[in-house]
Amino acid sequence: MADIAIRQKNNPLLSPKDLKSSNENMIIECLLNPGVLEFNGKIGLLIRVAERTVQKEGIISVPVYNNKGKVEILNFNLNDPKLDATDARVINYDGTDYLTTISHLRLLFSDDGTTFYELEGYPSIFGKGKYESYGIEDCRVAKINDIYHLTYTMVSANGVGVGLRTTKDWKKFEKKGMIFSPHNKDCAIFEEKINGKYYALHRPSSPELGGNYMWLAESPDGIHWGNHKCVAKTREGKFDSKRLGAGAAPIKTEKGWLEIYHGATAENRYCLGAMLLDLDDPSKVIARSDEPIMEPIADYEQTGFFGNVVFTNGHIVKDDTIQIYYGASDEFVCQASFSIKEILNQLNRS
Ligand code: MAN
């Protein structure tokens, strides 16, 4: 079997019932896909909290932020022929897509890596303005020198793009705006410069010609990005046949930059794979897993808000161990570990 993840026995570490909703009109539907950071000797998870409005019989209600940053609720009749509500994550009404939940990012800390708590004084991060009116999601955290770079998905009716905010203390944040315009997500910035330039993996989507492929961009300042190159495409018949996207910042090893990524099939089965990028020129892929290094096989990975999903965008690396935090079934936050050596061995065999 290809799955080489060692799952934490206390999984799931966090479930929707473990946190309080952001206000009394909302209920937490899912906790998922945390960004991971180390700060003041603690491990921090920047968890995506997806909330939904309380539902009434015969009606589907969806939340959106208005221009003032307040949640507004839109109601649609379930038997309205203009409504398509077949996907748990997104509905379509008369040609417009709406998310069934709206996400914000909540910071939790831990001293042992498995028990997490909220600390007063560290605010949640909410979407604001017309490019985040459907919320913000799936944040990657890259620490460059002493500055944390947060790259996250900005969601609105205008499309899905990548936003950047920076912070040093997790209390004050600087907004740098949208760094990759729609449709784009899954952006992971490398934590050190290569030959004097910043690099980032990102995932534009080009449905008519091309696909959901992983790209690399470079930048002189970490804010303005160019010289885009396509580094990895979907592969027919494999676990990443429909889409793939970067996880967290690539890990520097002797053999190259190791990137753990997610790959999905047309049936929306999300697995994790790995690829190795050249240390000097990360647009060159040296090796890539033929089979996933992790698959949704535990019951909490198969059943939940959106089942058959393991999705990671955050980890801690200690010597040979990568401790990933991941979203399972788009509902739970879990943890698993990999040996770097073992991943590299598996890549060699591919
Ligand atoms: C999207 C991602 C995640 C989510 C998966 C699975 O591609 O952006 O937010 O976990 O779908 O639903």
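The report below turns to the residue, then to the ligand.

## Basis of the model

The model is predicted, so that local features need pLDDT of at least 70 and side-chain atom pairs count only at pLDDT 80 or more, whereas totals for chains, interfaces and linings use all residues. Residues are numbered from 1 along each chain as its sequence is written, and side-chain values use heavy atoms, with hydrogens and water left out.

Asn 33 lies in strand β2, which spans residues 26–39 (strands are DSSP runs of E, at least two residues, numbered from the N terminus). Asn 33 counts as buried because its relative accessibility is 2%, where buried means under 20% relative accessible area with a 1.4 Å probe and protein chains only.

Leaving aside residues up to four places away in sequence, Asn 33 touches Leu 46, Arg 48, Asp 138, Cys 139, Phe 311, Asn 313 and Gly 327, contact being heavy atoms within 4.5 Å. The side chains of Asn 33 and Asp 138 are joined by a polar contact of 3.0 Å (a pair of N or O atoms within 3.5 Å; within protein, one must be able to donate a hydrogen and the other to accept it).

## The ligand

Around the ligand are Asn 33, Arg 48, Arg 89, Asp 138, Lys 185, Tyr 270, Phe 306, Phe 311 and Asp 330, each with a heavy atom within 4 Å of it. Of the 310 Å² of accessible area that the ligand has on its own, the protein covers 92% (Shrake-Rupley method, 1.4 Å probe).

Notes. Helix = DSSP H or I, 4+ residues; strand = E, 2+ residues; numbered from the N terminus. Buried < 20%, exposed > 50% of the residue type's maximum accessible area, 1.4 Å probe, protein only.
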